[in-house]
Each structure stands twice: as structure tokens, then as C-alpha cells.
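This report describes one protein chain, going from a stretch named in a database record to single residues. Please look at the sequence and the model before reading on.

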Amino acid sequence: MRRAVCPGSFDPVTNGHLDIIGRASRLFDEVIVGVLMNQAKQGLFTVEERIEMLREVTSSYDNVRVESFRGLLVDFCRAQRASVLIKGLRAVSDFDYELQMAQMNIGLAGVETLFMPTNPLYSFLSSSLVKDVAKWGGDISSHVPDVVREQLRARLTPGQPG
């Protein structure tokens, strides 16, 4: 079985992430979306909330599942019996960092990295930018799935629960 891991923090998941996940799902028998649990970073959403949103927005893909992990990504890949990582690249600046990580991962555990160029529609898009625009009441409807937009509105609007 050809199995790949698509890792990230997904805080929150964007349409750019979904584009990469969807394209990867056509190339591999199974794609595991790995949600990083990083205690050093305080996310807007808990890991559980991110997993729930990801499961909802990837439910149309029969071969995609969502799991969380902490520690080394290559250890997660071993545990999942996946030998390929899928990474989306928005710009050359992404490549510089991701190439170093890819070289480390191949050296540590023989895990290959497949770089996928982001759809030009999403080349500027990041979770941080989406959160910032949402915080100030900007329209993010073309950048995130509806469920994510609603969760962001609830989380960032003063006086709302959450």
C-alpha cells in the first residue's frame, strides 16, 4: 500500500491545505493528515478542535484519515508505516526550510519528501494570515471551508462563546 503523511499544525485548516490533501489523495492509497501537538506553541484551536475540523472537511475522501502526533515526524511516519511526506510549497522561501527538513528526514529514517506546488489561488495563504484577517472582521470565506470560518468567527468575535 502506498501511504503518505501530510503533516502540519493546521491552526486552522485552509483551502490551501485542502488542495494539497486532495491532490495527494489521488496519488496515494492512503493519506494520513498528521496534526502536530506542539506544547511550545499556543494555538488558537486545541489539537482536538483542529482534528475535528479536519475530519469534517476531509470526510469526502475515503482514503484520508486524521491523526495527531508529537515528537519527531519520522517516528510518526514509522508508526503509520508511511515512507513519504507530502509538503505544499507556496514560495521559494518555503523551499529553503523544507529542503533542510527533507534532507534530515531522509537521513534519520529514509522518509522521502514529495513537494507539491500550491495552486496559485492559494499561494499567499497561511493559517496565520487567515486568523489575522478574521480577527479584524475581514472576509475569509474564499480561503477556508465554511465550518472553519464559523469556528473562527465564534472564537474571535468578542462576546461569543469559545
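Between the end C-alpha atoms of residues 5–131 the distance is 25 Å, and this span is 43% helix and 23% strand. The span comes from a record: UniProt lists residues 5–131 for "domain: Cytidyltransferase-like", in an unreviewed entry. The coordinates themselves belong to a predicted model.

**The whole chain**

The protein has six helices and five strands. Read from the N terminus, these elements follow the order β-α-β-α-β-α-β-α-β-α-α. The radius of gyration is 16 Å, close to the 15 Å that the globule rule gives for 162 residues, so the protein is as compact as a globular protein of that length. Its C-alpha trace spans about 50 × 30 × 30 Å along the principal axes. Of the 162 residues, 44% are buried. Taking contacts between residues at least 6 apart in sequence, 75% join residues at least 24 apart.

Several residues discussed here sit in the loop between strand 1 (3–8) and helix 1 (15–27), Asp 11 being one of them. Asp 11 is buried, with a relative accessible area of 6%, because buried means under 20% relative accessible area.

The peptide bond leading from Asp 11 to Pro 12 is cis, and its omega is near 0°.

Phe 10 belongs to this loop between strand 1 and helix 1 as well. Its phi is near 50°, a positive value in a residue other than glycine. Phe 10 is buried, at a relative accessible area of 3%. Arg 81 also has a positive phi without being glycine, with a value near 55°. Arg 81 is found in the loop between helix 3 and strand 4, and at 63% relative accessibility it counts as exposed.

**Annotated binding site positions**

The unreviewed UniProt entry carries the annotation "binding site" for Ser 9, Lys 41, Leu 73 and Lys 87. From this set, the lining of the largest pocket takes in Ser 9, Lys 41, Leu 73 and Lys 87.

Ser 9 lies in the loop between strand 1 and helix 1. Ser 9 is partly exposed, with a relative accessible area of 34%. Apart from residues up to four places away in sequence, Ser 9 touches Val 35 and Arg 50.

Leu 73 is part of helix 3 (residues 73–80). At 16% relative accessibility, Leu 73 counts as buried. Its contacts, with neighbours within four places in sequence set aside, are Val 5, Pro 7, Leu 85 and Asn 105.

**Arg 90**

Arg 90 is placed in the loop between strand 4 (84–89) and helix 4 (92–109). It is partly exposed, with a relative accessible area of 37%. The side chain of Arg 90 reaches the backbone oxygen of Leu 125 at 2.9 Å. Arg 90 and Met 104 are 14 residues apart along the chain, and their C-alpha atoms are separated by 21 Å.

**Cysteines**

A disulfide is a covalent bond between the sulfur atoms of two cysteines. How many disulfides does the model contain? The count is zero. Cys 6 is in no disulfide, since the nearest cysteine sulfur, that of Cys 77, is 11 Å away, whereas a disulfide needs the two sulfur atoms within 2.5 Å. Cys 77 is likewise in no disulfide, its nearest cysteine sulfur being that of Cys 6.

| Residue | Relative accessible area | Class |
|---|---|---|
| Cys 6 | 5% | buried |
| Cys 77 | 0% | buried |

Methods
Residues numbered from 1 in each chain as written. Predicted model: local features only at pLDDT ≥ 70, side-chain atom pairs only at ≥ 80, totals over all residues. Heavy atoms only, no water. Buried < 20%, exposed > 50% of the residue type's maximum accessible area, 1.4 Å probe, protein only. Helix = DSSP H or I, 4+ residues; strand = E, 2+ residues; numbered from the N terminus. UniProt positions renumbered as here; feature names shortened; annotations may be inferred. 1 Å grid on protein atoms, 1.4 Å probe; cavity = no way out; pocket = protein on both sides within 12 Å on 5 of 7 lines; lining within 4 Å. Contact = heavy atoms within 4.5 Å. Rg over C-alpha atoms; globule rule 2.2 N^0.38 Å. Polar contact = N/O pair within 3.5 Å; in protein donor to acceptor, adjacent residues only side chain to side chain.
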